[in-house]
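Please open the model in a viewer and keep the selection tool at hand.

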Amino acid sequence: MAFVGLLRSAACRGIACPAQSLQTVSRSSLITSRFLKSSLQNQSVGGFNRLQPAQINKVQLFSLSPKSYSAGAGHNHSKLWTLERALSAALILVVPAALVAPSKALDTLLAVTLVMHSHWGVEAIVVDYVRPILFGNAIPKVALGGVYVLSIVTLAGLLQLIYTDIGLANTVKKIWSL
């Protein structure tokens, strides 16, 4: 902080650099002297080096925030995480509603939410534990494909139960009555 304060006070007096040039450089890039030394010229005025405006553009700004990591990857995993949590919270309402008032609409909603919830969970397990560094490139792709096939077959089976048989909620009630 003292270094930044020194630069600001020198900038206000016009010794270190013009005030406009100092404003274009981010505060985080001025903290480390390594980046500052690369943009300083060897001329000195009153013991301070002058910053050249053309060389300030050479300082690359960087950020360590998670937002920049997710944006660089092309995926926004925080939105998916929020959606997963919202779906989990919705299951708290959908499961009792489907059991109290069985209907094809509630059974279908229950089947879709349960399959999505379990698909995302199993997919996370496969991605975390079946890594290319351990198994090569082919096995993780096959395992992830297997997760998708399992989810599709499960949803198709539940929809078959809902639309051609007694329904999902009535099946659960029938099993509980045993």
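**First stop: Tyr-129**

Select Tyr-129, which is exposed, with a relative accessible area of 59% (buried means under 20% relative accessible area, exposed over 50%, and partly exposed in between, with a 1.4 Å probe and protein chains only). The model is predicted: local features need pLDDT of at least 70, side-chain atom pairs count only at pLDDT 80 or more, and totals for chains, interfaces and linings use all residues. Residues are numbered from 1 along each chain as its sequence is written, and side-chain values use heavy atoms, with hydrogens and water left out.

Tyr-129 belongs to helix α8, residues 104-129 (helices are DSSP runs of H or I with at least four residues, numbered from the N terminus). In an unreviewed UniProt entry, the annotation "binding site" covers Tyr-129; UniProt positions are given in the numbering used here, feature names are shortened, and annotations may be inferred rather than shown by experiment.

**Second stop: His-117**

Remain in helix α8 and select His-117. The unreviewed UniProt entry also places the annotation "binding site" on His-117. Is His-117 buried, partly exposed or exposed? His-117 counts as partly exposed, at 38% relative accessibility.

Thr-108 is buried, with a relative accessible area of 18%. Its contacts, leaving aside neighbours within four places in sequence, are Leu-159, Ile-162 and Tyr-163.

**Last stop: a helix pair**

Finally, select helix α7 (residues 77-100) and helix α11 (residues 168-177), which pack at an angle of about 75° with their axes 8 Å apart (axes are lines fitted to C-alpha atoms, for helices over the stretch in contact, and angles run from 0 to 180 degrees between N-to-C directions). Helix α7 is therefore roughly perpendicular to α11 (the term covers 65 to 115 degrees; under 35 counts as roughly parallel, over 145 as roughly antiparallel and the rest as oblique). Where they meet, α7 supplies Ala-98, Leu-99 and Val-100, and α11 supplies Ala-169, Val-172, Lys-173 and Trp-176.

Technical notes: Helix = DSSP H or I, 4+ residues; strand = E, 2+ residues; numbered from the N terminus. Contact = heavy atoms within 4.5 Å.
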